[in-house]
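Reader: I have a model to go through with you. Can you tell me what the terms rest on as we go?

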Amino acid sequence: MPSAIDYLIDAQHESGGWGYTSTQKPVVEPTAAVLLAIRNEPLANNSYQRGISWLLSSQHQDGGWGINKNDPESGWQTAWALIALSYYNENQASISKSVEWLTTVGTLEISQAEFQKPEIPKRDNNDAFIWPWLPGQAGWIEPTAMAVFALEGIAKTRLAEYRISAALRYFRKYRTADGGWNIGNATPLDTIVLPRAYPTALVLLALARIARPEIQINDLKALRQDMQRDPSILTQASGLLALRTLGEDDETLISNITEQRLQNGSWDDNPFFTAWVIMASRGYL
Amino acid sequence: MTVPKVSRRAFIRLALLGGIGAGIAYIQHQTAGVGLLNFIRWSFRGQLQWLKPPAIVGLGKCPSYDEDLVSNLRELWDLSEMPDLRGKSILVKPNLLDEVDNNIATTHPRIVAAVLDLLAELGVSKIVVGEGSAFRRDTYSVVKSCGLSQTLDSHGIPFIDLNYDELIPVKVRDGWIRNSDYLWLPRHVMEADTIVSVPKLKAHHWAGVTLSIKNLLGVIPSSRYGWPKNIIHINGINATILGLYQSLPPVISIIDGIIGMEGNGPLYGKPVQHGLLAVGRDPLAVDIICTQLMGFSIETIPHLSGAALAGIGQAKKIVTRGISPDQLQKHYEAPPIL
């Protein structure tokens with residue numbers, strides 16, 4: 001059986017990127033995830049270089065990324081691209097532009113122009129500083145967690161630091177009653193929602209970087225509970241990676257995931273999911 | 001001090017001017033989101049529906065998912081004068097927004113199986129089942145948890161997670177989507193000749209009801225717009241529903257109302273034993289009839305009243321066939337919004 005790395009090499013589009021399936025045209029999120037998964041694999045060095053080239057060529061003038069080059073609007077995919085590029089030190093100009101875009105992306109309440117002023121805008125609403133899926137919208141858990149992960153350690157401005165601290169307050173505020181996180185508000189339209197594994201895993205990965213003591217036992221419990229409810233590979237792999245990052249190994253989980261591997265070496269014939277499994281097996285993003 | 005006397009003629013003029021002013025203010029208020037010209041154009045188009053043939057909605061009574069669902073649907077299909085789908089490429093769109101306990105929020109897999117069997121009988125050339133979960137990163141996990149994966153395997157039908165499909169920019173009509181002339185939509189959706197919307201009959205805490213038109217929101221790709229179909233939070237759910245609906249290939253409706261959901265839908269409401277199946281080629285007409293059968297007024301459901309006003313489907317003349325609506329009438333607990 002081919003290895004997962006073999007599968008990812010085979011699934012690479014001739015233009016250099018990866019899609020969400022092996023036959024799809026490239027988009028930014030799976031390409032960035034695959035680059036993170038293969039970056040230390042000597043056999044995948046050529047694929048890695050071509051993938052980086054695709055990613056760099058897909059960057060917009062404003063420094064961000066959309067779904068691909070044809071999408072004129074930069075959005076949440078920028079955090080993924082930045083994380084992937086930040087391990088690749090040969091294009092600092094591209095990294096700086098994307099750091100700037102991600103730091104100053106506007107929200108529903110604060111425009112990009114206002115964020116680009118020297119002073120941090122004064123707003124009472126902490127949620128105005130977190131990260132949206134697309135510019136000019138309200139913030140949500142997933143893009144916020146990914147932006148924190150991407151910017152922590154490489155963005156040095158006061159605004160970046162302020163927005164990361166706002167994200168921390170946001171994670172505290174929107175933790176569900178049972179611990180863990182859903183995709184946004186824990187009580188939308190007065191409805192109590194269940195925590196979900198994927199957003200919880202992303203927040204845990206972000207908190208592990210910026211404020212590890214903030215993580216509560218209930219968060220891990222909520223993560224495990226949804227992993228039991230939802231057997232999908234993405235849930236299992238992202239959850240496993242979060243658990244391993246926090247020092248909680250789980251051999252049963254690893255063997256369950258391994259059993260779901262397909263004959264072509266992949267999980268669900270999906271480069272994005274397969275990349276997550278590789279990262280989870282390795283223990284770091 | 002004497003009060004100046006107003007003649008009868010002057011009084012009538014003043015009242016008339018006041019009435020015109022109030023009318024303009026009302027229309028301005030009602031059309032603030034879309035503009036007066038659009039409002040006039042849509043109203044005209046809506047009134048034109050009076051000149052068109054009536055929409056036919058087939059209604060059936062089916063107490064359980066253990067019944068012969070294919071026969072039930074075939075009978076309703078024939079009664080409802082549905083389009084000829086021979087040789088057509090079909091996207092079946094069930095409601096699989098998320099997995100909650102007992103799977104009461106999702107279209108029942110036996111209904112999907114019956115739809116697939118019926119479509120095969122009708123001689124369609126290609127079928128795919130597609131959905132993009134609003135709340136899950138992997139829609140296929142909902143497919144598995146609700147039991148639909150076995151159905152798809154046994155029928156040899158592929159499932160497309162529409163959140164991750166290849167995307168095509170599609171021009172939006174009527175300006176429903178603010179700040180953009182385009183919606184990015186999945187290739188499998190836009191390449192279908194016909195979309196069969198197969199929703200679960202449910203109350204909805206934001207849209208009022210979720211039936212065959214609202215069910216279409218699931219095709220919006222979250223890989224572009226974010227979860228949960230985040231364009232609805234910036235553009236408004238009703239405008240997005242209508243803008244999307246007008247951008248798609250023709251849609252027909254098959255409603256799973258055998259067990260509906262009342263109260264705090266679409267996820268956390270209570271099940272209702274309704275025993276309803278509804279079929280029609282005009283989703284607006286089907287949704288209007290089903291909304292009435294839930295005991296709600298159309299005027300309280302903005303995306304349906306908006307579609308009726310704008311003539312996006314037939315709302316003026318609807319004929320039901322099959323079981324009489326009286327025998328299917330229920331009174332659902334309203335969602336918090338209504």
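Author: This is a predicted model. The secondary structure of chain B comes to 12 helices and 12 strands.

Reader: What makes chain B as compact as a globular protein of its length?

Author: Set its radius of gyration against the globule rule. Chain B has a radius of gyration of 22 Å. The rule gives 20 Å for 338 residues. The two values are close, so chain B is as compact as a globular protein of that length. Its C-alpha atoms fill a box of roughly 90 × 45 × 40 Å along the principal axes.

Reader: How many of the residues in chain B are buried, as a percentage?

Author: Buried residues make up 53% of the 338. The test is 20 or more other C-beta atoms within 10 Å of a residue's own.

Reader: What share of the contacts in chain B between residues at least 6 apart joins residues at least 24 apart in sequence?

Author: That share is 77%.

Reader: Which domains is chain B divided into, and how far apart are their C-alpha centres?

Author: Domain 1 of chain B is 9-51 and domain 2 is 54-328. Their C-alpha centres lie 34 Å apart. The contact between them takes 9 residues from domain 1 and 11 residues from domain 2. On the domain 1 side, 3 are nonpolar, 5 polar and 1 charged.

Reader: Why is strand β6 of chain B called mostly covered?

Author: Count its buried residues. Of the 5 residues in β6(B), 182-186, 4 are buried. A residue passes because 20 or more other C-beta atoms lie within 10 Å of its own.

Reader: How do you know that β5 of chain B pairs with β6(B)?

Author: Pairing needs at least two bridges. Strand β5 (residues 167-171) of chain B has 5 bridges to β6(B), and the two run antiparallel.

Reader: What makes the span of helix α5 of chain A close to the expected one?

Author: Helix α5(A), residues 92-104, has 13 residues. From first C-alpha to last it reaches 18 Å, and 18 Å is expected at 1.5 Å a residue. Its buried residues include W101(A) and L102(A). Among the elements covering the buried residues of α5(A) are α4 (77-86) and α7 (141-151) of chain A.

Reader: What is known of the contact between chain B and chain A?

Author: 24 residues of chain B are in contact with 24 residues of chain A. On the chain B side, α5 (139-145), α8 (222-225) and α9 (231-235) each give two or more residues. That side divides into 11 nonpolar, 7 polar and 6 charged.

Notes: Residues are numbered from 1 along each chain as its sequence is written. Chains are lettered from A and ligands numbered from 1 in the order in which they are written. This is a predicted model: local features need pLDDT of at least 70, side-chain atom pairs count only at pLDDT 80 or more; totals for chains, interfaces and linings use all residues. Two residues are in contact if their C-beta atoms, placed from the backbone, lie within 7 Å. Ala, Val, Leu, Ile, Met, Phe, Trp, Tyr, Cys and Pro count as nonpolar, Asp, Glu, Lys and Arg as charged, and the others, Gly among them, as polar. Domain bounds come from an automatic or database domain assignment. The radius of gyration is taken over C-alpha atoms; the globule rule is 2.2 Å times the number of residues to the power 0.38. A residue is buried if 20 or more other C-beta atoms lie within 10 Å of its own, exposed if 12 or fewer, and partly exposed in between; C-beta atoms are placed from the backbone. The expected span of a helix is 1.5 Å times one less than its number of residues.
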